[in-house]
Amino acid sequence: MTIQLKSPAFKEGEPIPPRYSCEDVDISPPLNWDESQVKIPNDGSLAIILDDPDAPGGTWVHWVIFNLPPQTDSLPEMIMQREELENGALQGTNSWGTIGYRGPCPSRGTHRYFFKIYALDTKLDLPAGITKQELLKVMEGHLVDEGQLKGTYTRK
């Protein structure tokens with residue numbers, strides 16, 4: 001993993017601010033990475049998955065976004081919860097069964113949240129609304145590089 005995924009809202013391993021959780025406005029945090037680190041072809045793409053492996057019933061998926069243009073080096077705060085974004089990226093279905101980002105909302109205790117970025121050698125021929133598992137299956141054999149950012153959250 002060589003892509004350094006970061007957020008100006010929180011540092012690696014630190015708490016995710018409540019603003020990005022179910023206890024506040026529940027919007028996606030800003031993310032950025034150094035695009036020059038990513039050796040990705042012009043016809044490639046990027047994907048991001050956010051999940052919580054500490055959920056009582058198994059890993060809970062909070063966000064699936066894919067087909068981000070290869071020259072993308074950041075996502076602003078508050079990506080709209082719609083299937084297709086202006087840059088052509090598509091969003092998948094989270095564990096709530098909705099499209100787009102839904103923030104940390106642990107039932108109890110402190111949970112870890114992993115923002116994972118994937119650089120791919122192709123744009124994926126997939127519809128919006130796919131699940132994390134469907135995305136991971138189609139990504140097989142196309143992974144060029146990856147990285148992650150870990151945050152934590154404790155519900156008040």
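Which strand is the place of Tyr 113? Tyr 113 belongs to strand β6; helices (H or I, at least four residues) and strands (E, at least two) are DSSP runs, numbered from the N terminus.

## Basis of the model

This is a predicted model, in which local features need pLDDT of at least 70 and side-chain atom pairs count only at pLDDT 80 or more, while totals for chains, interfaces and linings use all residues. Residues are numbered from 1 along each chain as its sequence is written, and side-chain values use heavy atoms, with hydrogens and water left out.

## Overall architecture

The protein contains one helix and seven strands. Read from the N terminus, the order of the elements is β-β-β-β-β-β-α-β.

The radius of gyration, taken over C-alpha atoms, is 15 Å, which agrees with the value near 15 Å for a compact globule of 156 residues; the globule rule is 2.2 Å times the number of residues to the power 0.38. Along the principal axes, the C-alpha atoms fill a box of roughly 45 × 30 × 25 Å. Among contacts with a separation of 6 or more, 71% link residues 24 or more positions apart, a contact being heavy atoms within 4.5 Å.

## Surface and charge

Of the 156 residues, 47% are buried. Buried means under 20% relative accessible area, exposed over 50%, and partly exposed in between (1.4 Å probe, protein chains only). The accessible surface comes to about 7,700 Å², and carbon and sulfur atoms hold 48% of this area. The areas come from the Shrake-Rupley method with a 1.4 Å probe; for residues, only the protein chains shown count as cover.

There are 15 positive and 22 negative side chains, and the centres of the two sets lie 7 Å apart. Lys and Arg count as positive and Asp and Glu as negative, whereas His and the chain ends are not counted. The place of a charge is taken as NZ of Lys, CZ of Arg, CG of Asp or CD of Glu.

## Strand β2 and its partners

Strand β2 spans residues 45–52. Eight of the eight residues of β2 are buried, so this strand is largely enclosed by the rest of the structure. Both of its faces are covered: Ser 45, Ala 47, Ile 49 and Asp 51 are buried on one side, and Leu 46, Ile 48, Leu 50 and Asp 52 on the other.

Two strands pair if DSSP finds at least two bridges between them. Strand β2 pairs with β3 in the antiparallel sense over six bridges, with Asp 51 opposite Val 61 and Ile 48 opposite Ile 65. Strand β2 also pairs with β6 (residues 110–120), again in the antiparallel sense, over seven bridges; here Leu 46 stands opposite Ala 119.

## Strand β3

In strand β3 (residues 60–68), eight of the nine residues are buried. Strand β3 pairs in the antiparallel sense with β5 (residues 90–91) over two bridges, and Phe 66 has Leu 90 of β5 as its bridge partner.

## Individual residues

Tyr 113 counts as buried because its relative accessibility is 0%. The C-alpha atoms of Tyr 113 and Met 139 are separated by 21 Å, and the two residues are 26 residues apart along the chain.

Asn 67, in strand β3, has a phi near 60°, a positive value in a residue other than glycine. Asn 67 counts as buried, at 5% relative accessibility. Asp 26, in the segment before β1 (31–32), also has a positive phi, near 55°.
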